[in-house]
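Here is a short report on an assembly of chains. Look over the sequence and the model first, then read on.

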2 protein chains.
Amino acid sequence: MTNKEVLTEYVYQMISALSSYGVKDVVISPGSRSTPLAYAFASSKEFRIVRHVDERSAGFLALGMAKTASAPVVLLCTSGTAAANYFPAIVEAYYARIPLIVLTADRPHELRGVGAPQAIDQPNLYGHHVKWTVDLPIPDGESPTLPHIERHMARATSLAMTSPRGPVHINVPFREPLLIHFKDELPAITFNQADLAELTPTARGIDLLEQAIKSAEKGFLIIGEMDQSVSQDILWSFIRHLKWPVLVESLSHLRSNIPEDCMMYIVEHYDSILKNDLFKQHMAPDTVIRFGAQPVSKPLTLFMKAVKPATIITVDEDALFRDPLAVTTNHIQAQLGEWLTTVDCFDQIFEKDYLMKWLAANDIATQFVKQYIQNEQDEGALAGLLFERLEDGADLFASSSMPIRDVDTFFCKTEKDVQVFANRGTNGIDGVVSTAIGTQLVTNRELYLLIGDLSFLHDSNGLIASRYQDVNLTVVVMNNDGGGIFSYLAQSTVEAHFEQLFGTATGLTFDHLAAMYDAQYDVVKSKEEFIAAIHTSKKKPLRIIEVMTDRQENVVTHRKLWTAMGEELNKLWQV
Amino acid sequence: MTNKEVLTEYVYQMISALSSYGVKDVVISPGSRSTPLAYAFASSKEFRIVRHVDERSAGFLALGMAKTASAPVVLLCTSGTAAANYFPAIVEAYYARIPLIVLTADRPHELRGVGAPQAIDQPNLYGHHVKWTVDLPIPDGESPTLPHIERHMARATSLAMTSPRGPVHINVPFREPLLIHFKDELPAITFNQADLAELTPTARGIDLLEQAIKSAEKGFLIIGEMDQSVSQDILWSFIRHLKWPVLVESLSHLRSNIPEDCMMYIVEHYDSILKNDLFKQHMAPDTVIRFGAQPVSKPLTLFMKAVKPATIITVDEDALFRDPLAVTTNHIQAQLGEWLTTVDCFDQIFEKDYLMKWLAANDIATQFVKQYIQNEQDEGALAGLLFERLEDGADLFASSSMPIRDVDTFFCKTEKDVQVFANRGTNGIDGVVSTAIGTQLVTNRELYLLIGDLSFLHDSNGLIASRYQDVNLTVVVMNNDGGGIFSYLAQSTVEAHFEQLFGTATGLTFDHLAAMYDAQYDVVKSKEEFIAAIHTSKKKPLRIIEVMTDRQENVVTHRKLWTAMGEELNKLWQV
């Protein structure tokens, strides 16, 4: 075989295996060294090719797609710092448990560590932030090579999809020349995708859970973000049987699409409620069960830390279970699945009044939040307005920092079919535009991105994706000119240096960026204008609604809400 | 001591040590966990604080500053993916040998690996791409702690500045609360900066070099990019004594500021000349000496690889010497310094005709290049025009991909005081705007950035720096709508997928970006407009000249130049 034939067999065997093992989407950034794989992927009808010239944004684009599709997505780039630009998205994928298959093209061994251009130390490039990394052999035409890479693709996708999921890294060396022969059909593969195990709890684990439920007098279930593949029907059925207050983070997708008979159990305003001292004093639980990640809410974490309930069961698929407060008393290692329907929730001694108090508090909070949305016009109120008016079948992506917290406070439970997404693996404000676009490429539904000005700036390059793919996105950017969240923190008391180091106002607006990317654009300075804007129909693939707000005002009005709500909550114990 | 006092002592001791050991510039990105250090740096008059909200750009900004100042520069960010965004700049710094001191604030041990927000595995985050990494102890008020961190700052800066220089990473855990008491004065330190060794060649090494010079009949000296701290006077004095053809890459800074009596030896058109077969056939050297990095030029590397001269001496400070062609016969480990003045260059048997042929060829090339600049109007010709018209005291930053290659071809040697910079550690097209701004912040001279449209887009966030600092930059963006360099490669023969994967046209222009950042803006579509634009005076801190060019045309005209030049070069042997 000629070198070109050897190279051709190698890359087609590789992509054929990836296709067989479930990869449908490939995000490619341009570069020379990755040519053989790029041409092979592009020439096959089995893949959707998504393109981006900024590898940092490309990484988050793939992350959004993999997260939303709950399927492995391939990233492909050339050698050098291109690969280093993937790092933020890979770190997020690792902690958010997203199955990315990262393919980095590399120089052959003789061009590594010798001062060759665009050659860095790529094997093990991402350290502990991938589940596995492998440096593939050079295409050499020797008989062990093709079966090896074929089966290694199975290992890579299997590991990425094994719970807890996460990114894997495959480094692929190529010698020049880099051109291949094109094939019309993918070659047959000889190895079939592995049959992946489920992580089910032991009988002892289920017994533990049942005992906790039966012996609890006061308690609640917390549901945080979890993998998109978890069946919501199973969760609803569990909630229906449990009959406890259920504190649902928006990212669990259980604040919306709620079946009628589950509606009453859903407590979405725990973040606001748990700012109230009297409530916390009276409502200490003896038992807490948590599914999914630890929610965003700081009041909830402070409450748990202060109360230290006698039993806290965390159901988490990772042996390194998530428990930043060190309050968990039992870790049941498991994926949420069919087994949950077998958990016996009968013979409870649960205090009905404890449930009723949570529900009453949530009703009070709902009332105040809805009034606030009606009467105020700060960021929170406008965000709340947006949530109320999201149509059935539209989704919301919330950036980190203030937007996700505004979702926590102002997103009220609903029967509507609206899903809420965010990057909560590491809570970065980076890569958010790209992740949102990746999400939308999979859902094919209308998507609103709620984002602050610094976060939007950070990944303004995310919009480049719209030059290569059809995207459908409305960006609602809360422009408070700087880092709004810091005004809520103790740092803001240091007048001398606060604005320089934390406020970091840029004075930038997004009208020019909108023009650059041919986006429909509205700037709004009042509630009326905001309402008018969100009811104006979307005429272009990309839309930007820029809301001019004030950092200081947000803090003042938010605090007013919690004070007023607190006074009403106090009355629950004054009767 | 209270916790706040302990924290205060800790961070002030740390920054006092850094100040004593030569750190003057600190690049800070906003974030909560880094508050104690950010406030300490900002409150001290010993540091210039440079700010950026995008940590990827911040990394390259610091890189540009450290590279140009030839001094350690501190980077400071919060925990989480913020730190991961530094990775591309750190990788470039590692291979370009730039002394960055990367400080990443981290969560304390009890919040690591437990699912806490914004907590990633930061110790050893950058793997093999830093020279050293350390996870500092938590501020605890115990007696060993302060002396330890003080001396560790000495180790960190010493290692970063030890040849070959490079980035070091210091991870700093902080517990809440994060506020400090402010101090007017930095505390005294007890340890003085180490007296760093020079890497001088052994007597055997110098003897080797002298023997090579004395026994060479045909040869040349290659000078690539080297540390800014290398004395140019010493290099000129060596060139003066050596009397060989000297192939200087622009990044050596030896294509400009040339003393009159050295001017004749400087061969800057080797890239064009070595495309000529007849020249290569007749001009095989027996001896080559190289200082600094391997130059950009591919014809030069192909020539060396084909000829395999009997003696190739590479003087490189790294034990891992740079020699991608595997043709070096002797590696002399050394920094370029005083010792070079002691090298005996007398008693040569060097063939005068060999020297003369190089100089004649260079004259021919110069003539063709100057004619080309006069007559053509493609990217290369316009770039050449820009170089010719750079005023004494202005500098040029060239992006990777085509701009640095256009510098190689079209930047003619000059007595003018013009320095040329680029990122050649890993040749990425990322972070270029930021590196250029970092360079200008140190030189305080006029700076022109020559960049392609994709590279400009990639780091358009670099411009955010202009919202926080006074910058002075003219960006000349060659907008050929996509990846121009690929049109020169074999990939371009694949019509079916080339434009999708390599051309990657975005259709974007930079007028809106100019408006967003309040930059002076000209778009030019002809040579006349370009000349008019570069002679219009700069009225704003930021200026963008957008040159609309054509990818295909560039390839055609470049090839025409080489053909014509080649015919004239052939005549050197037809007499």
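How many salt bridges are there between chain A and chain B? The count is four. A salt bridge here is a side-chain nitrogen of Lys or Arg within 4 Å of a carboxyl oxygen of Asp or Glu. One of them joins the side chains of A:Glu176 and B:Lys298, at 4.0 Å from N to O.

This is a predicted model, in which local features need pLDDT of at least 70, side-chain atom pairs count only at pLDDT 80 or more, and totals for chains, interfaces and linings use all residues. Residues are numbered from 1 along each chain as its sequence is written, chains are lettered from A and ligands numbered from 1 in the order in which they are written, and side-chain values use heavy atoms, with hydrogens and water left out.

## The interface

The rule finds 34 residue pairs in polar contact across the interface of chain A and chain B, both residues at pLDDT 80 or more. A polar contact is a pair of N or O atoms within 3.5 Å; within protein, one must be able to donate a hydrogen and the other to accept it, and residues adjacent in sequence count only if both atoms are side-chain atoms. Several elements give two or more residues to the side of chain A that touches chain B, among them helix 2 (35–43), strand 2 (48–51), helix 3 (55–69) and helix 17 of chain A. Helices (H or I, at least four residues) and strands (E, at least two) are DSSP runs, numbered from the N terminus. Helix 17 of chain A gives the largest share of that side, six residues. By class, the residues on this side of chain A are 41 nonpolar, 25 polar and 14 charged. Ala, Val, Leu, Ile, Met, Phe, Trp, Tyr, Cys and Pro count as nonpolar, Asp, Glu, Lys and Arg as charged, and the others, Gly among them, as polar.

In contacts, 80 residues of chain A meet 80 residues of chain B. Contact means heavy atoms within 4.5 Å. The two chains, A and B, bury about 6800 Å² between them, with 61% of it on carbon and sulfur atoms. Buried area is the accessible area (1.4 Å probe) that two parts lose on being put together, summed over both. A:Tyr39, A:Leu501 and A:Met516 supply 10% of the area that chain A buries against chain B, more than any other three residues.

Which residues of helix 17 of chain A are buried? They are A:His497, A:Phe498, A:Leu501, A:Phe502 and A:Gly503. Buried means under 20% relative accessible area, exposed over 50%, partly exposed in between (1.4 Å probe, protein chains only). These residues pack against helix 20 of chain A, together with strand 1 (25–28), helix 2 (35–43) and strand 2 (48–51) of chain B. Just after helix 17 of chain A, A:Thr504 takes a positive phi of about 40 degrees.

Helix 20 of chain A covers residues 551–570. Its 20 residues reach 29 Å from first C-alpha to last, close to the 28 Å expected at 1.5 Å a residue. That expected span is 1.5 Å times one less than the number of residues. At the start of helix 20, a side-chain oxygen of A:Asp550 comes to within 3.0 Å of the backbone nitrogen of A:Gln552. The buried residues of helix 20 include A:Arg551, A:His558, A:Trp562 and A:Leu569. Their cover includes helix 12 (352–375), helix 13 (379–389) and helix 17 (495–503) of chain A.

A:Thr557 also lies in helix 20 of chain A. A:Thr557 is buried, with a relative accessible area of 8%. Beyond residues up to four places away in sequence, A:Thr557 touches A:Tyr372, A:Glu376 and A:Asp378.

## Three further buried sites

A:Ser252 sits in the loop between strand 8 (246–248) and strand 9 (266–267) of chain A. A:Gln294 is in the loop between strand 10 (287–291) and helix 11 (298–307) of chain A. B:Ser434 belongs to helix 15 (residues 432–443) of chain B.

| Residue | Relative accessible area |
|---|---|
| A:Ser252 | 3% |
| A:Gln294 | 17% |
| B:Ser434 | 1% |

The side chain of A:Ser252 reaches the backbone oxygen of A:Glu249 at 2.6 Å and the backbone nitrogen of A:Leu254 at 3.1 Å. For B:Ser434, a polar side-chain atom lies 3.4 Å from the backbone oxygen of B:Ser57.
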